[in-house]
Amino acid sequence: MTVEKKNLIIMWVANFMVAASATMILPFLSLYIETMGNFTDEYVQKWSGLVFGVTFLTAFFVSPIWGRFGDRFGYKPILMITGYGIAFSIFLMGFIDSVFGLFILRMFMGVVTGFIPTSLALISSQTPKHIAGRTLGTLQMGTVTGGLFGPILGGLMADAFGFSYTFIITAISISIAATVVMIGITEKKKSADKKNEKTYTRKEVFRHIVSQRMLLTVMVLSFLVQMANFSIQPLLALYVGGLTSAANIAFLSGLAFSATGFGNLIATRGWGKLGDSIGYEKVLTILLILSAAFIIPQALVTELWQLVILRFMFGMAIGGIIPSVTAFIRHAAPVSMQGEVLGYNQSFRFLGNVAGPAFGGLLSGYIGISSVFYVTGFLFLSAFGLLWWSRRVLPGY
């Protein structure tokens, strides 16, 4: 077995474990806040968005730094720092008893968030360009599969053992994933030729991004897509609670989360292969339209099974966006700056992760959770319009 194939398999397993563990806590984050005091619905909705989003606000500033360190010193050390760092912060969340304390721990978690993006940079750096979409799509399947099982397992554990034990189990699982990477990953050292490659200053990297207009457009798309996707996620447990009177809300919320992940799992690699064949910009155009078409009807559902089906179809559409964007950057950026460029793209995504939950929480507090789905659909359509305009205006697209 080649080193590249071994690394891909190990990172697939590690991403599965990290994604499953991290998403274990997402379905009940708002429910966890409710246990900390006698709060109004508006208070819980607002702080659910803020607690959810602060991790990504911190990561917005830190992500390019991790990418730059990865380009210079290798990606494996960054995987170790972020893996164990995330595990430590989640472990402490199991013992916190105040909303502000949870907010601070989520903020710290943002400093060390970057395991999965760094894994993408590692595998991208060892993958030939002509199969980048397929390979990154395969890696993304590990993340998606973990995201599929994580919410269900988290919901089951939260109902059975309580929230605190679920945080502790989550931290242990992520520590195991980081240990698997430490033992199993072999990162190729740079050859003499690669060591002599031009190194880029931060200013030069930034200038390259700005001068490549389609590259900048794709990063703005990352922001809009993440804002749209994450605007509803912290509120999904509350929305599910309004659709059913069942007692096991945490589990049912996990089921709704996992429906999206299952749709991702089925379609992600196929979208990557299609992007290798016809171009990643064309695939992104299709995916943005489909995402809008499947998110808007979620505002109109009256039964939980309707929501689950629409979340599954939405997952099939949105699952191809991340590997398509990453593969595009693999083509558009020189190898010696790819980690940092991916870091900037991740910053755009994290900014969307911040804006989405905060905006969704505020919007739902004023005019209801259903309205968030309509606004989300509009954001996907806006992203489509931006990409369509850029492809018409810019030469070669």
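At 66% relative accessibility, G242 counts as exposed, where exposed denotes a relative accessible area over 50%, buried one under 20% and partly exposed the range in between (1.4 Å probe, protein chains only). The model is predicted, and residues are numbered from 1 along each chain as its sequence is written. Local features need pLDDT of at least 70, side-chain atom pairs count only at pLDDT 80 or more, and totals for chains, interfaces and linings use all residues, while side-chain values use heavy atoms, with hydrogens and water left out.

G242 is found in helix 12 (residues 236-243); helices here are DSSP runs of H or I with at least four residues, strands are runs of E with at least two, and both are numbered from the N terminus. G242 and T302 are separated by 60 residues in sequence and by 9.2 Å in space, C-alpha to C-alpha. Two further positions are partly exposed. G368, with a relative accessible area of 25%, belongs to this class and is placed in the loop between helix 17 (338-367) and helix 18 (370-393). Its C-alpha atom is 9.7 Å from that of Y239, and the two residues are 129 residues apart along the chain. I286 lies in helix 14 (residues 280-295) and is partly exposed, its relative accessible area being 36%. Between the C-alpha atoms of I286 and F348 the separation is 21 Å, for a spacing of 62 residues along the chain.

Helix 14 also contains S291, which counts as buried at 0% relative accessibility. With neighbours within four places in sequence left aside, S291 is in contact (heavy atoms within 4.5 Å) with F314, A317, I318, I321 and F380. T217, which lies in helix 11, is likewise buried, with a relative accessible area of 10%. Apart from its neighbours within four places in sequence, T217 is in contact with L386, L387 and S390.

The packing of helices was examined next. Two packed helices are described by the angle between their axes and the distance between the axes. The axes are lines fitted to C-alpha atoms, for helices over the stretch in contact, and the angles run from 0 to 180 degrees between N-to-C directions. Helix 4 (residues 76-93) and helix 8 (residues 163-184) pack at an angle of about 170 degrees, and their axes are 8 Å apart. Helix 4 and helix 8 are therefore roughly antiparallel to each other, since angles over 145 degrees count as roughly antiparallel, those under 35 as roughly parallel, those from 65 to 115 as roughly perpendicular and the rest as oblique.

The contact includes K6, I10 and M11 in helix 1 and T166, T170 and S173 in helix 8. Its residues divide into twelve nonpolar, six polar and one charged.

Helix 11 (residues 213-230) and helix 16 (residues 321-332) pack at an angle of about 160 degrees, with 11 Å between their axes. This pair is therefore roughly antiparallel, and its crossing is left-handed. The contact is made by M214, L215, V218, S222 and V225 of helix 11 together with I321, V325, F328, I329 and A332 of helix 16. These residues comprise nine nonpolar, one polar and no charged.

The largest nonpolar core has 113 residues, of which M11, F115, L307, V341 and F380 touch the most other members. Such a core is a set of buried Ala, Val, Leu, Ile, Met, Phe, Trp, Tyr and Cys residues joined through side-chain atoms within 4.5 Å. Helix 11 gives the most to this core, with eleven residues. V341, with its neighbours within four places in sequence left aside, is in contact with V205, I209, L215, M219, I329 and A333.

Notes. Left-handed = near helix turned anticlockwise from the far one by under 90°. Nonpolar A, V, L, I, M, F, W, Y, C, P; charged D, E, K, R; others polar.
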